[in-house]
Amino acid sequence: MARYRVFYLFMLPGLLYFVLFHYLPMLGLRWAFFDYDLRGVGDFVSFEHFSAAFASDGFRRAFRNTLILSSLNIVIQMTAIIVISLLLNEIRTVGFKRVVQTIIYLPHFLSWVVVGSLFTLLLSRQGGLVNALIEGAGGKSIYFFGEPSWWRVIYLMILSWREVGWGTVIFLAALSGIDPQLYEAAWMDGANRWRQMWYVTLPHLVPVIVIVLIMNLAKIFNLFESVFVLYNPLVYSVGDVIQTYVYRSGLKEFRFGYATAVGLFRSVIAFALVLSANRLTRKISGEAAV
Amino acid sequence: MKKARVLICLLGVLIAVSPLFAGGQGESAAASPKVTEINAVFDRILLEENGQKDWADEFAALTGVKINIVKPAHNQYPEILGATFATGDLPDICEIQTGDYVNYARSGTLVALNEFIDASQPAKDVPAELINAYKMKDGNIYGFPMYDGGGCVAYIRADWLENLDLGVPTTWDEFHNVLRQFTFSDPDGNGENDTIGMTLPFDVPAVEFDYYNRFIMQEAMFGFQHKNGRWVDGFTEPEMAAALTRFQQLYEEGVIDTEFFSNKTSTARSKIYEGQAGVMEYWSGTWAVRFDESAKNTNPRARVIPIAPIKNASYVNRVGPAFSITVAAKDPALVFDAVINTMLDKGKGEVLFTHGIEGMHYRKDGNGYVMMPEPANPDRPFDKAFSDPTLVMNGWAPLVAPDELITLSRQIHRDNSIQLLLPQGGDNYVKYVGELFTMKQEVFSKIVIGEYSVQKGIDLYRKNAANLHLADILAELNV
Amino acid sequence: MGVELKLSKESVSRKLFVVANSTLMLAVVTVILVPVLKVAIDSFDQRASETVFRVIPREFTLDAYRVIASRAALYRPFLISLFTTVVGTTISMTITSFFAYGLAQRDLPGRTLLLYLALVTMVFRAGMIPLFLVVRKLGLMNTLWAVLLVHSMDAYYLLLLRNFFTTIPRSILDAAEIDGCSPLGTFVRVVLPLSRPGLAAIGLFYVVFYWNQFFDYIIYIQTRPQLHNFQVFLRSLVIETNTQGFEGFAFATQSLKNAAVVASILPVLILYPFVQKYFVKGINLGAIKG
């Protein structure tokens, strides 16, 4: 037991952190069941907020949009990240590799406010670069931000533009941990590049891929700022997500109880998703990701 | 066993720490001696760099009351003030934005100011309608206007009018023609087809949209309208059909900014500055000068002027932000006197609230006064400490005469505006108004781009609004 | 002869691959770069607002950068950002790596519980107001501690780091123990050096997090805006709300806004090359062989 005491000591600061800044505030989740506004905490209303949310078309639509946008995003981003990581890993010229990496990381550091205004300008029909190119090629300019079908495409592309480069960091770190001798051994056995990738690289990446996927599942309902800076009433039907809905209908009217209820609902679903994904991985690979 | 032990330890930690979490809702007011210090949460007060501390010192010198000012980040002011109230941390006095006033007034956290207003000599010079805009249905007034809310006027490129030999439009047909010419007749003479007639913002709080759309809406209103003593939903009124048709027409012809749906006010403004659009409705007052100067930055021959509304249209005077005193104030009468009566004293107090501090923000110049450069940004003259000198309510003449354009825009606005009122909603309002307006914005935009016909759009709106308890909301408003 | 032919075939397909890969990378880089370049170039352009996209500024000026370097209102937030990023990252890395190491001990009692404790915080969020209350009660309002501590550990990074730690072979740890190393010693002298890629990645993540922090400043530091960091300043520069067209930074020209954005990316641009070497393949795993 003494042997373990040291490790508990190691974990004490972190534990304190979780308790103070995560679990203690969680006691506030009980307000999802109360009337809570500017007047303060009022009567117990049990599931009233939840039924109000489910009854609301706006909420249901926001929920649907969140799921659609998030899942599409996960698929697109993960694919792009893996492909680019693998390709980057193949670059032998250190200088070129370093330059490419530094450049693709950059968009992640631009805040959404900046990215939003950048792309609004770039995709505008009035002096935007993309439409200028389209018209130059003889086409008709497109109102990207005003047409729901285009908006989804553009939104997902912008999300990837910002995050894919950065997403390669963790994969490159994992790739760099692969023993080069494994590749040599495979080469000796007559494996060409593709088979090496299949038999050496990918298996080492699978644990990381799974963890990243699960983490993204946990964050599936978190979309807010990206949508907030890029949406407008014309595209609410595809763009309004839970967080923006709550922001407009909840926080602006100081309906804290309602906002907490929606937040709680979000968390419960996300938690269930993560648990099932974890269980699924355990079944498939025999070892849980978490 | 080990697991259980760990769990118990954790529970112990949680329990031990939980008293920290007992949220208090305000503090009990003990019987207190004379109050000499008050806490304030303000939005429009001076920035730190511009001398906020000196302002507070001067305030203390004038009133004998020390004021502790908290100025949250402007972009998040409503959220932070709301969080502050929700956690029970009420200041003595605070600024409340127009759109939030009713919520705060109904929350029981504010003190009724009626007796202080009646007892106040300086308040008698403030037009009653400005004060009564904050009167709730129970007769209590929970907020005092900080300044005349003001409103927007239409700004237009006078040089474009001249280049095209057009007069200032006074009717819809004339205005429509002006917009067409601005779009298609190359008003800036640069040989490029790069101008449009009018721009406006749409990415604003839905209740504020009406500030910026008077020429096209005319007698119609996007939000709730107080008509003939009753509240109605402007969107379902007869005038709206005509207004929507006008919007549709302008959009189809391309003489209005076809991307206005995603315009914030800053986006729309920059289109005027850069000479992409020729007309925009925006706040009267100091903006008259800013528009003109910024447009001149891009094109030295640009001239932006404010104009009177066309026939059938009128500007609106909004209900402005308010000073409110909370139940946490130990001596509300004193707070009222120290802040509000000082602000209206037509003397040193009023100067402090508008122009600021002599030697820092303004100085003597011969027989009069001039504004000095803004400390945080010396390229521009300082314009106001707390409230805009061009928006004073009690007829006081500012020390520094404002620019002609400013006075002109204020004059035009004053002569041509109707006072807006605050809809005082009930529980249904609070529950559904957010979604109602969201839906309204969606339907509106689809009508304008022509996806729905006007009639179809309005019918669809009615149907959806019924599901969102519009009838109940109106009933509550009209109680 | 046969061998030579085989080798040259290999190098032809390899060469093709390299060319294709490089082209693809260049395409990716261009897509990423165009909007970022627009920001960079416009920061030097006095008349940035007029142009769709120019490679050379219409009216070159260093004014924007001069303004940033000379006005306290502008460089002070930058310094605050530097300070909080360094201190915050240090705090976070310490807490996180110790906690992760504890979690990595396979036979530690209560390990799974503690793991789930961390997991839950990834999905369940109490909301702004409960957290605000706790911070207030702890007396952290209006101090930099609020910003440094409230989000000091991210469960996602914790799990990633734990995973990196678990890949270290038992044999090495046992060897250290046999050599008389205390758990702390093993951790610091053996585990940490072997985990450099993982630590570098997580460290970089935290740096980015602290650098981009913005909302925490606004809500926890209200009475002392001189403690706000660069992101806060940057946002007030780029966006504004509509209350009677409030104008906090009306003097901002397009070029100044863009220069501020560039300044906000600089630290990463500078930091990255130093961190990158930890991601290089073939880290010396000599200890394993021995």
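This report describes a helix packing, a chain interface and the salt bridges of a predicted model.

## Packing of α5 and α7 in chain A

Two packed helices are described by the angle between their axes and the distance between the axes. In chain A, helix α5 (residues 112–122) and helix α7 (residues 148–175) have axes that come within 12 Å and cross at roughly 130 degrees. Because of this angle, α5(A) is oblique to α7(A). The crossing of α5(A) and α7(A) is right-handed.

On the side of α5(A), the contact is made by A:W112, A:V115 and A:F119. Helix α7(A) contributes A:I158, A:L159, A:W161, A:R162 and A:E163. By class, the residues of this contact comprise 6 nonpolar and 2 charged, with no polar ones.

## Interface between chains A and C

The size of an interface is often given as the accessible area lost when the parts come together. Between chain A and chain C, the buried area is about 8500 Å², and carbon and sulfur atoms give 77% of that area. The contact draws 87 residues from chain A and 91 residues from chain C. The count of salt bridges between chain A and chain C is 0.

## Salt bridges

Side chains of opposite charge can pair when their charged atoms come close. Over all chains, the count comes to 26 salt bridges.

A salt bridge joins the side chains of C:R136 and B:D89, at 2.9 Å from N to O. This pair crosses between chains: C:R136 lies in helix α5 (residues 128–137) of chain C, whereas B:D89 lies in the loop between α3 (77–86) and β3 (93–96) of chain B.

Terms used:
Residues are numbered from 1 along each chain as its sequence is written. Chains are lettered from A and ligands numbered from 1 in the order in which they are written. This is a predicted model: local features need pLDDT of at least 70, side-chain atom pairs count only at pLDDT 80 or more; totals for chains, interfaces and linings use all residues. Side-chain values use heavy atoms; hydrogens and water are left out. Axes are lines fitted to C-alpha atoms, for helices over the stretch in contact, and angles run from 0 to 180 degrees between N-to-C directions. Helices (H or I, at least four residues) and strands (E, at least two) are DSSP runs, numbered from the N terminus. Angles under 35 degrees count as roughly parallel, over 145 as roughly antiparallel, 65 to 115 as roughly perpendicular and the rest as oblique. A crossing is left-handed if the near helix is turned anticlockwise from the far one by less than a right angle, and right-handed if clockwise. Contact means heavy atoms within 4.5 Å. Ala, Val, Leu, Ile, Met, Phe, Trp, Tyr, Cys and Pro count as nonpolar, Asp, Glu, Lys and Arg as charged, and the others, Gly among them, as polar. Buried area is the accessible area (1.4 Å probe) that two parts lose on being put together, summed over both. A salt bridge is a side-chain nitrogen of Lys or Arg within 4 Å of a carboxyl oxygen of Asp or Glu.
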